[in-house]
Amino acid sequence: MSDTAPVQVTEIPDAAAAARRPRRRSRRAVLVIGCVLTASVILLALVSLVWLPFPQSDTSGTRLEGPGAEHWLGTDKLGRDLMTQLMIGARIALVVGLGSVAIAAVLGLTLGLIAAFAWPWLDDTLSAALDVIIAFPVLLLAMLVVAVQGASLWSAILAIGLAQSAVVARLVRILARRVLGEQFVTASRTSGTRWPGVVGGHILPNIAPMLGVNLALQFGIAVLAEASLSYLGLGAPPPNASWGRMLFEAQGTVLTAPVGAIAPGIALVVLVLGVNFIADGLRDVADPTRRHG
Amino acid sequence: MPAYLIRRFAFLVLSLVVALVVIFVLLRLLPGDPANALLSVNATPEQIAAARAQVGSDRPLAEQFATWAGQMLRFDLGESYISGLPVLPEVLARLQITLPLTVLGFLLALAIALVAGVAAAVGSNRWYGTLLNGFAQVGIAIPVFWIGIILVWVFALQLGMLPSGGFPRDDWEAPGDALTALTLPIITIAVVMSASLTRYVRAATLDVLGSGYLRTARAGGAGMAQALWRHGVRNGSVPVIAILGIELSTTLLGAVVIESVFTLPGLGNMLLDAIAQHDYPNIQGILVVSTLFVLLVGFAADIAQRLVDPRLRLSVSGNR
């Protein structure tokens with residue numbers, strides 16, 4: 001693990017070890033970079049709660065102005081400050097990620113545990129249903145729900161969370177099954193622990209690390225899916241512009257004001273890359289089979 | 001293999017039924033009456049009843065579903081509420097753009113990923129391996145439409161090399177013009193999709209590189225390239241084929257978004273119009289066709305995986 005110093009005692013000419021060595025050394029760096037990237041977006045969102053460069057609907061700026069001292073990132077085609085929109089977008093992106101992942105976690109844990117404990121026929125039925133849902137790209141399911149519910153931030157979050165809960169449920173089922181086969185579960189049962197106690201005392205703590213890694217990845221997928229929905233006009237309606245919507249609005253004026261079409265994209269990449277890096281860095285800690293690879 | 005084939009086919013049929021139920025339920029239960037699309041705001045009760053009878057929404061749900069599912073499976077996708085035109089020919093016409101975009105984009109992505117993934121694995125402790133892996137990492141964090149916007153900005157607006165969007169009015173009459181129109185969209189899809197594919201190819205290649213059989217082959221005197229070619233390709237391709245199905249489906253969805261960037265009149269464009277106009281026959285027609293695509297691709301990928309890997313072929317129990 002990363003707590004012990006990265007001492008290489010002997011160099012064994014094993015291709016796999018050779019392949020993994022630089023990865024392992026850079027593991028901690030990846031985790032740190034991930035945290036820094038993610039924290040910068042969180043900071044942007046937190047600051048936006050107490051301070052914004054301009055009021056949200058302020059259109060006093062010159063249209064399509066370039067970056068400058070007054071408007072740090074310039075203005076959009078309505079004269080609104082882009083930095084202000086970018087900060088509000090950070091807030092929305094985080095809400096989308098957290099909201100979708102929360103839905104996916106609660107629903108996925110429930111379904112996955114039910115499947116892990118259920119009679120074989122129920123397990124088979126649930127698993128088949130989950131496989132069907134997983135076969136569909138998240139965005140298609142989200143578009144379906146938004147088509148029906150109407151475009152809003154909450155239907156986007158709900159749709160993405162529902163789609164992702166299937167992936168989480170399948171993972172929970174597999175992980176819980178693995179733990180259930182362990183001898184300490186049998187020992188615990190023999191000494192009189194009831195099933196709820198086993199779930200709380202053994203299953204949840206044992207599946208939590210891998211589940212956390214997966215939820216971090218789902219966070220990034222959710223943010224990207226919402227950006228696509230907003231870009232297509234199926235997300236939150238203006239003026240609560242998400243980064244995806246900002247990119248849509250800036251697309252037509254990319255020649256005169258390129259910053260408007262670049263900044264939200266970079267912000268998206270920073271956040272998604274950040275959580276992906278965190279997931280990657282945590283995976284080594286979470287998955288013992290990789291630790292000694 | 002035959003036992004697995006039957007099992008997998010049964011799952012395909014089951015999936016189709018589940019998907020049809022989901023589409024039906026979502027489109028019929030959640031919104032207001034589908035008949036509303038035919039009505040003005042101040043419709044009289046008689047007009048409402050007439051519209052409900054026309055759409056069929058006054059009958060029991062189970063009966064509606066049975067009738068509807070029967071029609072869907074016979075590819076009788078109904079007529080658009082807005083234009084009154086049959087849905088199927090419209091969907092097929094739109095596929096002339098979406099399908100080449102998806103397939104060509106995917107093939108290009110796969111070609112890039114095979115080269116980049118193997119190179120990233122072989123050179124994983126060299127600078128180019130790290131660089132390629134870094135590109136792939138950033139690539140999976142980039143929204144597909146943003147790449148499109150940037151490519152349009154650079155190659156269409158700044159350099160003027162390729163059109164920034166649109167599609168020839170006469171479709172594929174002049175294949176050269178059509179391909180020119182699709183070039184930037186295809187590159188966009190390929191860039192984004194190759195990132196995640198590269199990571200899978202890289203992981204599979206790393207597994208092969210660390211395997212005992214490769215070391216044995218090398219010890220027996222085979223060169224690295226020869227050992228990889230003789231033993232690595234088939235072993236390494238099994239996990240990659242397994243994810244190709246889902247990746248191809250994701251590409252189709254990417255194409256839907258990309259069409260919006262490049263204003264291509266494809267399936268995605270039709271879907272967005274249908275959503276904006278609450279044109280339910282069109283929405284469900286597109287969903288049914290794309291569902292069928294996703295399920296058939298998944299089916300084909302699973303079968304292909306069995307064909308490549310004899311170990312899977314022998315096990316009857318399936319892969320769960």
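The model is predicted, so local features need pLDDT of at least 70 and side-chain atom pairs count only at pLDDT 80 or more, while totals for chains, interfaces and linings use all residues. Residues are numbered from 1 along each chain as its sequence is written, chains are lettered from A and ligands numbered from 1 in the order in which they are written, and side-chain values use heavy atoms, with hydrogens and water left out.

**Chain B overall**

- The C-alpha atoms of chain B fill a box of roughly 85 × 55 × 35 Å along the principal axes.
- Of its 320 residues, 48% count as buried, where buried means under 20% relative accessible area, exposed over 50% and partly exposed in between (1.4 Å probe, protein chains only).
- Residues 24 or more positions apart supply 72% of the contacts in chain B with a separation of 6 or more; a contact means heavy atoms within 4.5 Å.

**B:Ser15**

- Apart from neighbours within four places in sequence, B:Ser15 is in contact with A:Val132 and B:Leu295.

**Salt bridges**

- The whole structure holds seven salt bridges over all chains, each being a side-chain nitrogen of Lys or Arg within 4 Å of a carboxyl oxygen of Asp or Glu.
- A:Arg173 lies in helix H5 (residues 153–180) and A:Asp123 in helix H3 (residues 120–134) of chain A, so the pair ties together parts 50 residues apart in sequence.
- A:Arg177 also meets A:Asp123 in a salt bridge (3.1 Å, N to O), and this pair links helices H5 and H3 of chain A across 54 residues.
- A:Arg177 is partly exposed at 34% relative accessibility, whereas A:Asp123 is buried at 4%.
- A:Arg283 and A:Asp280 form a salt bridge at 3.2 Å between the closest N and O atoms. Because they are three residues apart in helix H9 (residues 258–286) of chain A, about one helical turn separates them.
- A network of salt bridges links A:Arg80, A:Arg245 and A:Glu249.

Methods. Helices (H or I, at least four residues) and strands (E, at least two) are DSSP runs, numbered from the N terminus.
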